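Please open the model in your viewer and keep the selection panel at hand.

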Amino acid sequence: MLAGQELFWDKSLSLSERLYCHLLGIPIVGLRIRLRRIKKLLPQTAANILDAGCGRGIFARFLAAKFPMANVTGVDSDTALQERNRNIARAIDIESRCDFVVADLTRYQPGRKFDLILSVDNLEHIEDDIEVIHKLASMLAEGGTMIVHVPHYYRRWPVFRWTENFDVPGHVRPGYHLAEIRSRIEDTGLTIQAAGYSYGLLENLSNNISYAVTGAEERNKYLYALLFPLLNLIAWFGQWSRPDFGAGIWIRAYQGTQQGTTALMEDDVESKLT
């Protein structure tokens with residue numbers, strides 16, 4: 001199933017939007033880029049999964065499909081959005097194992113541990129991100145994996161020049177330096193298994209064109225709908241890149257100690273830019 005294809009069942013969308021999603025999946029280039037990257041970081045098995053700041057529920061439903069025996073919890077503070085997520089889960093028959101909870105992550109108390117926690121592009125929306133990172137780490141079971149993706153402080157704009165990341169509505173900070181987000185996670189006691197950058201050259205180019213059209217506010221929907229298949233194809237070809245500097249940062253961390261883990265260290269490029 002294409003990512004977001006299940007949005008066909010989101011009755012808040014127009015019929016044409018629902019049909020578009022059914023044919024092509026969710027038309028958000030950046031989300032598709034992040035999902036392709038996250039897929040490569042997932043553990044082989046998981047039984048209890050938390051999608052922290054689940055938004056539209058795309059990752060939560062993807063994880064429910066990826067791990068059909070797992071229970072997935074998607075947490076978000078948007079009541080209306082979570083109601084739509086529940087309706088979609090009901091329509092595609094995963095309601096019994098994919099629960100969408102309305103909660104503020106700073107106060108969320110699940111009452112259980114998770115063996116996989118996912119946080120994708122939501123920490124930049126939270127003022128007290130350190131508190132939330134510590135809270136997420138406390139919810140991780142021994143031997144569990146936490147995967148975090150955040151915007152990098154820098155991005156290529158429009159193609160080759162490195163600039164401060166976009167001022168996106170809802171963000172309380174442009175992004176993170178790799179050493180900064182690594183330190184926040186390591187301070188919780190988790191072990192960093194691997195870390196690196198996302199958004200290689202082709203992915204970044206595709207995403208920048210997307211931003212130029214939409215302004216990160218879903219403007220020019222009809223033009224974007226026409227361009228999306230091409231932009232997504234360009235980004236798709238870039239999914240195997242391993243950029244040493246990119247517009248996103250990913251980290252895979254582990255609860256406990258593990259032998260033979262690797263961590264990609266921050267490139268000198270960033271220190272030259274600061």
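Rings of Phe, Tyr and Trp (its six-membered ring) count as a pair if their centres lie within 6.5 Å, and planes under 30 degrees apart are called stacked, those over 60 edge-to-face and the rest tilted. This is a predicted model, in which local features need pLDDT of at least 70 and side-chain atom pairs count only at pLDDT 80 or more, while totals for chains, interfaces and linings use all residues. Residues are numbered from 1 along each chain as its sequence is written, and side-chain values use heavy atoms, with hydrogens and water left out.

Begin with the rings: a search of the whole structure finds 10 aromatic pairs. Select Trp236 and Phe237, whose ring centres are 5.2 Å apart and whose planes stand at 80°, so the pair is edge-to-face. Trp236 is partly exposed, with a relative accessible area of 37% (buried means under 20%, exposed over 50% and partly exposed in between, with a 1.4 Å probe and protein chains only). Next, select Tyr153, Tyr154, Trp162, Tyr197 and Phe245, which form one aromatic cluster.

Now colour helix α2 (residues 29-39) and helix α3 (residues 58-66); helices are DSSP runs of H or I with at least four residues, strands are E runs of at least two, and both are numbered from the N terminus. Leu31, Arg34, Leu35, Ile38 and Lys39 in α2 meet Ile58, Phe59 and Phe62 in α3, contact being heavy atoms within 4.5 Å. In α2, 10 of the 11 residues are buried, so the helix is largely enclosed by the rest of the structure.

Finish at strand β8 (residues 191-198), where 7 of the 8 residues are buried, so this strand too is largely enclosed by the rest of the structure.

Note on methods:
Axes fitted to C-alpha atoms, helices over the stretch in contact; angles between N-to-C directions.
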